[in-house]
Amino acid sequence: TLTDLPNIGKSIAQDLVMLGITQPAHLVGKDPYAMYHRLCRQTGVVHDACLLDTFISVTRFMDGEPPQPWWHYTPERKRRLAAGRGYR
């Protein structure tokens, strides 16, 4: 289940379901930046950037990287967004 994944609790699992992701395999190959942007558009809310970090962590995990805490990806996210390479 989604909540079996690192960093994913019930609330973030619900966010993933809103994006049509209902099982872990649906995360393979997904762009976490695009997922975050789409969720913000769908809900009409700019979600905390920590949610983007969590999306990065879980998509990387499903693409075969070792599990990392979501905050491991915060510096990467900040660099990428500062460079204007956030969303597709």
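# Helix packing and the nonpolar core

Helix 3 and helix 4 cross in a right-handed manner. The model is predicted. Helix 2 also passes helix 3 in a right-handed crossing. The largest nonpolar core has 20 residues. Three helices, namely helix 1, helix 2 and helix 3, each supply at least two residues of this core.

**Helix 3 with helix 4**

- Helix 4 covers residues 74-82, and its axis lies 9 Å from that of helix 3. The two helices pack at an angle of about 110°.
- That angle falls in the range of 65 to 115 degrees, so helix 3 is roughly perpendicular to helix 4.
- On the helix 3 side, the contact is made by Ala49, Leu52, Asp53, Ile56 and Arg60. Helix 4 brings Thr74, Glu76, Arg77 and Leu81.

**Helix 2 with helix 3**

- The axes of helix 2 and helix 3 are 8 Å apart. Their packing angle is about 140°.
- Helix 2 and helix 3 are therefore oblique to each other. An angle must be over 145 degrees to count as roughly antiparallel.
- Helix 2 contributes Pro32, Tyr33, Met35, Tyr36 and Leu39 to the contact. These meet Ala49, Leu51, Leu52, Phe55, Ile56 and Thr59 of helix 3.
- The contact of helix 2 with helix 3 holds 10 nonpolar residues, one polar residue and no charged ones.

**The nonpolar core**

- Which members of the core touch the most other members? They are Leu2, Ile8, Leu16, Ile21, Leu27, Met35 and Phe55.
- Helix 1 spans residues 10-18, helix 2 spans 32-43 and helix 3 spans 49-62, and each gives the core at least two residues.
- Phe55 reaches several parts of the chain. Leaving aside residues up to four places away in sequence, Phe55 touches Ile12, Leu16, Leu19, Pro32, Met35, Tyr36 and Leu39.
- Phe55 also belongs to the helix 3 side of the contact with helix 2. Among its partners, Pro32, Met35, Tyr36 and Leu39 are on the helix 2 side of that contact.

**The start of the chain**

- Where does Thr1 lie? Thr1 sits in the segment before helix 1.
- Thr1 has 60% relative accessibility and so counts as exposed. The cut-off for exposed is over 50%.
- Thr1 and Pro67 are separated by 66 residues in sequence. In space, their C-alpha atoms are 16 Å apart.

Terms used:
Residues numbered from 1 in each chain as written. Predicted model: local features only at pLDDT ≥ 70, side-chain atom pairs only at ≥ 80, totals over all residues. Heavy atoms only, no water. Core = buried A, V, L, I, M, F, W, Y, C linked by side-chain atoms within 4.5 Å. Buried < 20%, exposed > 50% of the residue type's maximum accessible area, 1.4 Å probe, protein only. Helix = DSSP H or I, 4+ residues; strand = E, 2+ residues; numbered from the N terminus. Contact = heavy atoms within 4.5 Å. Axes fitted to C-alpha atoms, helices over the stretch in contact; angles between N-to-C directions. Parallel < 35°, antiparallel > 145°, perpendicular 65-115°, else oblique. Left-handed = near helix turned anticlockwise from the far one by under 90°. Nonpolar A, V, L, I, M, F, W, Y, C, P; charged D, E, K, R; others polar.
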